[in-house]
Amino acid sequence: MSEMFDPARWRPAPFLPEKETRDGSLIFVVAVLCFLACLTAMGVLAANRAAAGWTGQLNGEATVIVRPKGGETPDAAAARAAEALAGTPGVTEARALEPAKAYDLIRPWLGDVSDLEDLPVPRLVAVTLDGRHPANAKQLNAALQSQNVDATVDDHSVWIKDIQRAGGLVRWLGVMVFLLIAAAAAAVVAFATRAGLAARRDVVEVLHLAGAEDGFIARLFLTRFARIAGLAGLIGAGAAAALGAGLRIAGGGEGLTPALPLAWSDLAAVLPCPLLAALVAAVAAQVTAMALIRDMQ
Amino acid sequence: MRYGRGPDVLTNLNFGLAPGSFHFVTGPSGAGKSSLLKLIYLAARPSKGAVHLFGQDTTQAPASAKPGLRRRIGVVFQDLTLLDHLSTFDNAALPLRIAGRKPADYRNDVAELLTWVGLGQRMHAMPATLAGGERQRLAIARAVVNRPDILLADEPTGNVDHEMAVRIFRLFVELNRLGTTVLIATHDQDLIARSGRPVLLLENGRITARSAPDPRPSGAVPA
């Protein structure tokens, strides 16, 4: 027995169905693409940090190879070089490395040689440069020559361009992959929105012929699809943030790996995702609805 | 008028319907009856010529003016075009909601109309659960609910029994008495003959005959 209808208690139903069977698959597809786009965005930020770290490290350090002169001992020559360099503008610290450190550096190349200490291994001075105004190789050489130290300055300039190029390449590759995935996500959102709207052509037609304004009809679909895409974006972004947080916790202080140092702040990259997904869906729904209505004019 | 690049479906039409008149349009299948109605309810544009409605050439009217014109037209579509996700009551109230009326102002009228067309016990029902005749009556209720200036009906009694056809026809007559111009496309020659209303005969996209009104009173209905 059906309940009696009471017009006084009637509330208008939404013009569009609140839920449709195809909504689930639409949310799933958009959420997965948003998840991938967010992961890529976080990866790009981490790669950018890694590249900046590599070049920063190389820019901030120099190594000086010291050769003893006359009857001077290698240790004395290294100490004199460190002293000369420590007072040079643009140098934060100059430290003579112990001989053991130098042996450790060449051991991988020579293997386990028992009489390694007998080799004429030069002494090294590690120079930490001022991050803002680093001294260049010419200035370091001048400081050493002024103290009559026979030394060679390695300011990593041989490597630094290659590293910078590699860092730049990593950044651009990351950005390009992100843009590609974001564009694919946007295209799928737009396509799914169009398909969903085309399937509701009957509603558009009835509302249109009953005298609804074009903008009113378009807004119905815009709101509906923006809400669906926004929800899917939220799910995708939430999943990506959860994964990023998991990797950050599992990876310790350096994030996922030293090569891809994910920071907590990188998780913020997912924040615009739901909004962007909703925006793309809204634009696609508006354009498609207006095109459908134009066809009916 | 033609669809896309197809042949002309209506040619050399030149007729007028006086405000407050009641006409039938009839003719064999494919004669162009539905197309003629489409031209009037602004779902199609003539490839040549003009359609004047409420003193305006609709072919020249800006797009922004058309929703206002459409709200003055009630249409009973041949395929009914009910919205399956809306209840019977919501479907019937649709034109009033689109016109921006407040529910409190019309819900009793909608309930009364639905009761009148025999759907008083089916207001909760979804269209998919309605029988063919019930769906047709709902489509008619939706078309007349906002007292349109012109009512166009495409085979409105095709799926209903004789008794309901008479009731529906009486409703159209009543609306016509209140000033609504009525144009009904139908194959139902019995309904036409008994109504005594003027008829446009459409054949191969042309009006080939136009009968004068029957001398019977304008309120005459088929027995």
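How many helices and strands make up the secondary structure of chain B?

1. In this predicted model, the secondary structure of chain B consists of 7 helices and 8 strands. The C-alpha trace of chain B extends over about 45 × 45 × 30 Å when taken along its principal axes.

2. The radius of gyration of chain B is 17 Å, which agrees with the value near 17 Å that a compact globule of 223 residues would have. Of the 223 residues of chain B, 43% are counted as buried. Where contacts in chain B link residues at least 6 apart in sequence, 68% of those contacts join residues that are at least 24 apart.

3. Turning to the contact between the chains, chain B contributes 26 residues and chain A contributes 21 residues. On the side of chain B that touches chain A, the elements giving two or more residues are helix H2 (66-70), helix H3 (88-98) and helix H4 (103-116) of chain B. The most is given by H3(B), which supplies 7 residues to that side. Sorted by class, the side of chain B that touches chain A holds 16 nonpolar residues, together with 5 polar and 5 charged residues.

4. In chain A, one helix deserves a separate comment. Helix H6 of chain A covers residues 201-209, and its buried residues include A:Val203, A:Val204 and A:Val206, with A:Leu207, A:His208 and A:Leu209 also buried in this helix. After H6(A) comes A:Gly211, which has a positive phi, near 100°.

Terms used:
Residues are numbered from 1 along each chain as its sequence is written. Chains are lettered from A and ligands numbered from 1 in the order in which they are written. This is a predicted model: local features need pLDDT of at least 70, side-chain atom pairs count only at pLDDT 80 or more; totals for chains, interfaces and linings use all residues. Helices (H or I, at least four residues) and strands (E, at least two) are DSSP runs, numbered from the N terminus. The radius of gyration is taken over C-alpha atoms; the globule rule is 2.2 Å times the number of residues to the power 0.38. A residue is buried if 20 or more other C-beta atoms lie within 10 Å of its own, exposed if 12 or fewer, and partly exposed in between; C-beta atoms are placed from the backbone. Two residues are in contact if their C-beta atoms, placed from the backbone, lie within 7 Å. Ala, Val, Leu, Ile, Met, Phe, Trp, Tyr, Cys and Pro count as nonpolar, Asp, Glu, Lys and Arg as charged, and the others, Gly among them, as polar.
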